[in-house]
Structure formats: C-alpha cells, structure tokens
Amino acid sequence: MIALDLSKRSTGWAVWMGDDTPPRYGSWELGSEYTGRGQTFAKLHANLLDLRAVSRFEALFFEEPLDPNKLRGKTNIDTLRVLSGLAAHAESFGHAMELRIVQGINLESWRPSFIGRINSSDAKRRAKAAGRSATDSLKSLTMERCRHLGFHPRNTDEADALGILDYCAGLRGVIPPWRADEVLQPMLVGGGRR
C-alpha cells in the first residue's frame with residue numbers, strides 16, 4: 001500500500017508491502033510557482049509509475065484536499081485547484097493501474113488517530129486561545145509520533161504520509177510491524193494522551 005500527502009512543492013509518500021519490513025518513505029517536488037498544473041500532475045504520474053515498478057503496491061491512499069470553506073493562512077484558490085487536481089490524478093492513476101483500493105482519507109480522521117485525539121484537541125484549543133492556526137503544532141506532533149515509532153522523516157510531508165499509511169493499515173485491520181510491540185502510545189511533548 002502507498003499513502004500520499006499531496007502537494008505541489010513537496011508530496012510525501014510512504015509505501016509498505018504488508019510484510020515485516022519497515023515502510024519506505026520520501027518526498028517529491030512536483031513543481032514550483034512556474035510549473036503549470038498539467039506538468040505537476042504528469043510528474044506525480046511519473047513518480048507513481050517509478051515507485052510502482054519497484055513496489056507493486058495494490059492500494060493507494062491519499063489525503064483529501066482541503067474543504068474550500070476552511071481556507072486560511074497561505075492556502076488560496078489556486079492551491080486548492082492544484083490539490084484537487086493531484087487528488088483526481090491519484091484516483092485516475094489507481095484506476096488506470098487497476099489497483100484494488102484507491103481512497104481519499106480525511107485529515108480530521110487520520111491525524112487524531114495517529115497523534116492521539118487528546119493531543120490533537122489540546123493543540124487546537126491552545127492555538128485557538130492564542131489566536132493562531134494549530135497547523136504547526138499538529139505537524140510537530142506528527143513528526144514526534146513518527147520518531148516514537150522509529151521513523152526519521154526529513155520533513156512534515158513525509159511524516160504526514162507515514163501517519164496516513166499507519167491509519168490506513170489500521171482501517172484494513174492490519175497491525176504493522178512498527179506497532180506490533182506497542183502496548184501504550186507514549187506521551188507526546190504537546191501533552192495529553194491518546
């Protein structure tokens with residue numbers, strides 16, 4: 001299975017074959033401010049083809065694009081168009097490759113499950129009280145959770161892809177090797193428990 005955190009600047013990916021080996025993960029730059037949407041989608045396609053040639057994944061999960069009603073910060077309508085196009089292209093790729101599963105995953109489902117619902121709620125509450133976005137705090141908690149599981153993502157996009165992968169393994173009723181010996185989720189620096 002492969003999980004994608006889709007973005008033009010840095011698409012995080014994590015692929016796991018369902019065995020005892022750890023997942024492989026990384027990130028791809030699909031374009032810059034000068035890259036057209038079509039070129040960006042074509043680069044996603046090429047990267048997925050390359051990865052499938054060596055991984056033969058049969059399930060593709062991706063983070064669903066943001067709800068346009070929740071626009072804030074640096075996100076604008078052009079960004080939403082790119083994110084929606086990337087999601088559509090991921091679905092198209094899955095269909096063209098005849099993958100068994102192709103599914104969008106909601107951010108508000110996978111992240112609280114991965115970092116812990118209390119940690120997620122606490123980060124949002126503190127951010128709201130300070131009048132700022134909780135995004136940086138939530139991404140920091142995701143990076144920290146990855147480290148607790150033995151991963152070393154280079155950026156938050158890779159960490160998000162690992163979080164989506166972990167969540168999707170759980171959706172399929174699979175306990176991946178990085179969770180096999182975990183009895184309790186460790187306390188994260190942000191406070192709270194699962």
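The crossing of H1 and H2 is right-handed, meaning that the near helix is turned clockwise from the far one by less than a right angle. Helices here are DSSP runs of H or I with at least four residues, and strands are E runs of at least two, numbered from the N terminus. This is a predicted model, in which local features need pLDDT of at least 70 and side-chain atom pairs count only at pLDDT 80 or more, while totals for chains, interfaces and linings use all residues. Residues are numbered from 1 along each chain as its sequence is written, and side-chain values use heavy atoms, with hydrogens and water left out.

Helix H1, residues 37-55, packs against helix H2, residues 77-96, at an angle of about 35°, with their axes 10 Å apart; axes are lines fitted to C-alpha atoms over the stretch in contact, and angles run from 0 to 180 degrees between N-to-C directions. Among the residues that meet are Phe41, Leu44 and Leu48 in H1 and Val82, Leu86 and Phe93 in H2, contact being heavy atoms within 4.5 Å.

Turning to the other pair, the axes of helix H3, residues 107-115, and helix H6, residues 156-171, come within 9 Å and cross at roughly 90°, which means that H3 is roughly perpendicular to H6, a term covering 65 to 115 degrees. The contact includes Trp110 and Phe114 of H3, and Leu162, Ile164 and Tyr167 of H6.

For the protein chain as a whole, the secondary structure comes to six helices and five strands, and of its 194 residues 47% count as buried, that is, under 20% relative accessible area with a 1.4 Å probe, protein chains only.

Key:
Buried means under 20% relative accessible area, exposed over 50%, partly exposed in between (1.4 Å probe, protein chains only). Angles under 35 degrees count as roughly parallel, over 145 as roughly antiparallel, 65 to 115 as roughly perpendicular and the rest as oblique.
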